[in-house]
Amino acid sequence: MPRVVLRDLRELSVTVVHPADQDGSVVLDQLRRIGCRTEAAWPPPKALPARVDVVFAGITHDHHAALKRMIRRSEPPGPAVIALIDYENPAMLQLVLDLEAVAVISKPVRPFGLLTNLVVARNAWLEQHALTSRIATLEARLSGQKRIAKAKSILMETQGISEKAAYRTIRSQAMSKRVSIDEMAVAIINANELLSSRSDDA
Amino acid sequence: MPTSQNPIHVGVLFSETGVTAVVERTQRNAVLIAIEEVNAAGGIDGREVKAIAPDPASDPRRYGEAAAELLDEGVRIIFGCYMSSTRRAVLPLIERRDALLFYPTLYEGFEYSRNCVYSGAAPNQNSLGLADHLTSHIDQRFLCVGSNYVFPYESNRIMRDLLQNRGASIVEERYLPLRPSEEEIASVIALVRKHAPVTIFSTIVGDGVTAFYRAYDNAGFDRSIAPIASLTTGEPELNAMGVSAAEMHITSAPYFSSVDRQESHDFVGRYRARHGADAAISACTEAAYFQVHLFAEAARRTGSEDPKRILAALPTFSFDAPQGAVQVDSRTNHTHLWPRLARVSSRGTFEIIEEARAPVRPDPYMVEPGHDGWDDEAAVQ
């Protein structure tokens, strides 16, 4: 079970992208009570300040494109988005999904519930981010394996050697050229494609 | 004298019966005394303040019903509530009518309502100083014991963090029903014996306090190395359990009746003239008392009992309460208070062993801030 890391909460940098009305000020005041580093912005700025962890975003049809651009331009991995909504019709919900919000707060905003949403959103975002980078690592490893397998079969076929010997060849070549095994495999595959295309031309 | 024409009706919601009546009766008494003082001084611009004070019997549901009735009768200002569960029962109703609750009890923090003024201690005004004291003077192993409701769970969570950050360890946490049986008390005593010597952090409230301290006394643990530390055990509980059970134990609170200030002597004198020379007074009693004066001053300044205008006026002045000058914080609606630590003497009084040199700003959303204690806090203004 993840533990609520409160200390981390006070380190969070939060931007409230919402008009300076009653709801906006309830959010700002409560975040300051909680003790987050909080800034307000409206209309949606071209870009977020560096290293914003969480964005509370007022959802409107008028400013949706600008809001989405702002989020997309932020430094990766980007902020956790908490949507502030005043209708829950499907058109509005589409905007919420489109922004990939991880939590939603309905208006009129009350101070009660903001802390919970902040904690849940931050946690969901961290988990999502951890999963995404894990998937990226695994995908890279998987396609690396595929390339090495292909390079091995090229060597086995062209040189008539065993799979083990093919792998040893790739590894020793990689070591002597100071590149990774994956890069060596790519070089072998490229060279093979080049050679076989020549033989086709002939 | 104020006229009884166009009086200002205020609600007073404290229990005269039930599990936490021992403390709540003192809060009720203090509110009524303060209202008398306000009226004796001419009321609010000549208008008399009249209290409507039902008995919600320490039961959250009864609190909700009583609050609804008061609001239906047009009351906009309510003084009351002790347990967090009773505050939570009342506050949504108050918010819906945009009325104002003055809540005079320490609680576990992590709350803000535009419709509530919190005049008891937030965790940074009691737990923080207690943790500093306990880890600098006493054994570094702790057992947390509490009643089974929201305040003890969160208070113990806060205390666990504070103590662990100071290098101490928590050996176990145990919760009892609000009315614990003898067997349940005995099982906690057995737990203390198993871990002895171990300092107890107790968030037991209500009638269970007496039973627990007495059982601890009978078990004969050495209190010079293993006292019970608490945020809630005050004079009313002390009087109920007797000197033998109470001696040497430690409480952290912004006020004890032994505070040596003229305002404190006056308050204690007036209270005891009314309720008897032995009448118990705790920080909860004092907070109930001064918040009526905060309300009255704000009402005089705005010429109105409108909750919004009262709230706007409250942070603009300080009031010389028995504990020292207090002032409502505009950002949190909590109150700047004077943290103190006291140990029960052999005469059965709270002997103050540490006190803040300036009022401490409330921080209801406190997280362990890498803080060195009360002395670093900026004074009010």
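This is a predicted model: local features need pLDDT of at least 70, side-chain atom pairs count only at pLDDT 80 or more; totals for chains, interfaces and linings use all residues.
Two strands are said to pair if DSSP finds at least two bridges between them.

I begin in chain B. Strand 11 of chain B is joined by 3 bridges to strand 12 (residues 324-328) of chain B, and the two run antiparallel. Within this sheet, Phe319(B) stands opposite Val326(B), a residue of strand 12 of chain B.

Next, the contact between the chains. How many residues does each chain bring to the contact? Chain A contributes 11 residues and chain B contributes 8 residues. On the side of chain A that touches chain B, the elements giving two or more residues are helix 1 (6-11) and helix 2 (22-34) of chain A. That side of chain A comprises 5 nonpolar, 2 polar and 4 charged residues.

Finally, I draw your attention to Tyr87(A), which is located in the loop between strand 4 (80-85) and helix 4 (90-98) of chain A. Is Tyr87(A) buried or exposed? Tyr87(A) counts as exposed because it has 11 C-beta neighbours inside 10 Å, and the cut-off for exposed is 12 or fewer. From Tyr87(A) to Val54(A) the separation is 33 residues in sequence and 22 Å in space, C-alpha to C-alpha.

Note on methods:
Residues are numbered from 1 along each chain as its sequence is written. Chains are lettered from A and ligands numbered from 1 in the order in which they are written. Two residues are in contact if their C-beta atoms, placed from the backbone, lie within 7 Å. Helices (H or I, at least four residues) and strands (E, at least two) are DSSP runs, numbered from the N terminus. Ala, Val, Leu, Ile, Met, Phe, Trp, Tyr, Cys and Pro count as nonpolar, Asp, Glu, Lys and Arg as charged, and the others, Gly among them, as polar. A residue is buried if 20 or more other C-beta atoms lie within 10 Å of its own, exposed if 12 or fewer, and partly exposed in between; C-beta atoms are placed from the backbone.
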